[in-house]
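The following paragraphs walk through helix packing and then a pocket. Please keep the model in view while reading.

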Amino acid sequence: MNSIRLLTLISAIFYVAIGISSPLITLYLQSLGASFAQISMILASVVITMFFANYLWGWLSDRIGRRKPLLITGLLILATSFFLLSWAPSGNFAWAARIFEGTGSAAYGTLSLAIMGDLLEAEKAKGRRMGVFRGIGSFGFFVGAMIGGRLADATSIATTLMLCSAIYLITALCALAIREIQ
């Protein structure tokens, strides 16, 4: 499989995990005893972490001249953060896991787009190809959102978050096969 298709597949799988977890996170934090104000702070701190980490991941990839190892690192951070999140004994522990998640999400967001841009550099239809890449990711989110609630009802939110951890691990393993443009 060529790297463009592989990265598109990874994106679809990545967004399935986001679709599974996104509708459940606030409910999970509430079940751990977090107040609505704390939940808002947790969500805001994840986004502010991503704000700064996006730049740092991009700077680091430019500095070392590689993107793939950092993409894999970000996916492994996500796998670890969701594993920790699924075992969180309290809202504060979950908060730390979510901030860690923000660093991994920033790595994926920044580096997947940079790698795809590198791969599409010689393409005439870059916009269309990027649109397909992002569109398939959006469809993955839809699939995940449809699965997440049902899975949580059948098992638990913690079990569902553990599945997300496994999905991120699978994406990291798939990313090993990407051929990076030097």
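The axes of helix 5 (residues 126-154) and helix 6 (residues 157-175) come within 7 Å of each other and cross at roughly 135°. That angle makes helix 5 oblique to helix 6; angles under 35 degrees count as roughly parallel, over 145 as roughly antiparallel, 65 to 115 as roughly perpendicular, and the rest as oblique. Axes are lines fitted to C-alpha atoms, for helices over the stretch in contact, with angles from 0 to 180 degrees between N-to-C directions. Helices are DSSP runs (H or I, at least four residues) numbered from the N terminus. Gly 148, Leu 151 and Ala 152 of helix 5 meet Ile 157, Thr 160 and Leu 163 of helix 6, where contact means heavy atoms within 4.5 Å. These residues divide into four nonpolar, two polar and no charged. Ala, Val, Leu, Ile, Met, Phe, Trp, Tyr, Cys and Pro count as nonpolar, Asp, Glu, Lys and Arg as charged, and the others, Gly among them, as polar.

The model is predicted: local features need pLDDT of at least 70 and side-chain atom pairs count only at pLDDT 80 or more, while totals for chains, interfaces and linings use all residues. Residues are numbered from 1 along each chain as its sequence is written, and side-chain values use heavy atoms, with hydrogens and water left out.

Helix 1 (residues 3-31) and helix 2 have axes that come within 10 Å and cross at roughly 130°. Helix 1 and helix 2 are therefore oblique to each other. Ile 25, Thr 26, Leu 29 and Gln 30 of helix 1 touch Phe 36, Ile 39, Ile 42 and Leu 43 of helix 2. By class, this contact has six nonpolar, two polar and no charged residues.

Helix 2 (residues 36-64) also packs against helix 4 (residues 91-119): their axes come within 7 Å and cross at roughly 35°. Among the residues in this contact are Met 50 and Trp 57 of helix 2, and Trp 95, Arg 98 and Ser 105 of helix 4. The contact has 12 nonpolar, 10 polar and one charged residues.

The largest pocket holds about 370 Å³ of space. A pocket is an open set of points on a 1 Å grid over the protein atoms alone, where a 1.4 Å probe fits, with protein on both sides within 12 Å along at least five of seven lines; lining residues have an atom within 4 Å of a point. Of the 22 lining residues, Ile 18, Met 50, Arg 98, Glu 101 and Ser 105 are the closest to the centre. Helix 1, helix 2, helix 3 (68-86) and helix 4 each supply at least two residues of the lining.

Key
Points joined across faces, edges and corners; volume = space filled by probe spheres on them.
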